[in-house]
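Dear colleague,

I am passing on the structure below, and my notes on it follow. Please read them with the coordinates open beside you.

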Amino acid sequence: MKISINQAPKYEGQQVTIGCWLLQKRGSGKIQFLQLRDGTGFMQGIVVKENDADLFDKAKGLTQETSMYVSGTIKADDRSDFGYEMEVDGIDIIHASEGYPITPKAHGPEFLMDNRHLWLRSKKQHAVMNIRNQIIRSTHDFFFENGYKKIDPPILTSSSPEGTTELFHTKYFDEDAYLSQSGQLYAEAAAMAHGKVFSFGPTFRAEKSKTRRHLIEFWMIEPEMAFYNHEDSLKVQEQYVEYLVQQVLENCRLDLGILDRDTSVLEKIRAPFPRITYTEAVELLQEKGFDDIEWGEDFGAPHETEIANHFDKPVFITNYPKEIKSFYMEENPEDPRTVLCADLIAPEGYGEIIGGSERIHDYDILKQKIVDSGLDLEAYEWYLDLRRYGSVPHSGFGLGLERTVAWLSGVQHVRETAPFPRLLNRLYP
């Protein structure tokens, strides 16, 4: 019977066959321990010389990443994190791999990034991708269960929600077009039709950045909600993040263990989250000796980390100055210098994972903001239509998938969480 590794617990004591690759092996003169992988998981196969000397020699000669069918009996193994192993009695080689470049020795990040297409096979990368997959699945579950509809904004756009300085420019026949920086504006249009929507797709930033926090291409989850004010949106963000964390804890324990993730940190992630205004955050930083930040300036990574260190779970920084935020954000009635917005900062130095705001719903105010921001008014006529015809208060936010995966996985380099980021980086040799 042919099964996959993740099905092994159902077949204890039974003879099965698994199509797999050899991750690693070790052994002595009497026994060979084969570390097998098949995409669904990892399991050890044991070959004993006294049971079959020819099979033992065949196992001993296997090379890393050789593909094969391995047959044997599934046995319980309390010493294994997986809990099961195979007592191997047959090996049918499909392709003998020679000279696999990623050996069990330590390799630097540049080498691993250049070989990302192979690095994905490693145990830790497999665990990160499993966590990423769980976050994707849980995202759909959360929003569908709460009455949202999924929409798919275009990837090629004629305008930008943030300005055009960080956009990839192209031509759409005889018109200017850009790779999408965000699906937000289109989600706002959909929210006026369906009430509560979310998009989930790729976004692009034309930044020549190689920090551990930045990618040229990453995936964003962007809900947009009609009749929701800023406070309503913050509550949704808390519920959503808490749900993601708890789902990862429930379904990815083995993966978190492979990554040596301290799960006690994640177990504390429960709503509500603490809040601090931008003004309070600046005062706090200055008290802590940061002389490189003044009111009106945006925070950098060290500033966000210092603020996050005061809390043991994500923290909202609210009400940023309007000059450093996007044109569509609603003015804060209690302090006209600021807008009704918030960034959610993850603990442990992982930085911003969510940015959100209440959107301007007044036609005249939004039109003036577009003009004041130096944007092409004609390109935003369709966006102004949303305020011409039945405008309502509405809010939304965007969560960056890769940075959230990095935080929940406990990895230190955000590029480890995206499938092929190094290929994109080659746009800038």
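Helices (H or I, at least four residues) and strands (E, at least two) are taken here as DSSP runs, numbered from the N terminus. Just after helix 5, Gly 195 takes a positive phi of about 90 degrees.

This is a predicted model, in which local features need pLDDT of at least 70 and side-chain atom pairs count only at pLDDT 80 or more, while totals for chains, interfaces and linings use all residues. Residues are numbered from 1 along each chain as its sequence is written, and side-chain values use heavy atoms, with hydrogens and water left out.

The mean pLDDT (the predictor's confidence in each residue, from 0 to 100) of the protein chain is 92, with 93% of its residues at 70 or more. Over residues 422-429, however, the pLDDT is below 50, although this stretch has 15 contacts (heavy atoms within 4.5 Å) in the model beyond near neighbours in sequence. Where pLDDT is low, the predicted coordinates should not be read in detail.

As to the overall architecture, the protein chain has 14 helices and 16 strands, and its C-alpha atoms fill a box of roughly 85 × 55 × 45 Å along the principal axes. Of its 429 residues, 52% count as buried (under 20% relative accessible area, with exposed meaning over 50% and partly exposed in between, for a 1.4 Å probe and protein chains only). Among contacts between residues at least 6 apart in sequence, 65% join residues at least 24 apart.

To return to helix 5, which spans residues 184-194, its buried residues are Gln 184, Leu 185, Ala 187, Glu 188, Ala 190 and Ala 191. These buried residues pack against strand 10 (196-204), strand 11 (217-226), strand 15 (351-359), helix 12 (381-388) and strand 16 (394-400).

Thr 338 is buried, with a relative accessible area of 1%, and, leaving aside neighbours within four places in sequence, Thr 338 is in contact with Trp 295, Asn 319, Tyr 320, Pro 321, Lys 322, Glu 331 and Asn 332.

Finally, the cysteines: with a disulfide taken as a pair of cysteine sulfur atoms within 2.5 Å, the count comes to 0. Cys 252 counts as buried at 3% relative accessibility, and Cys 341 is buried with a relative accessible area of 1%.
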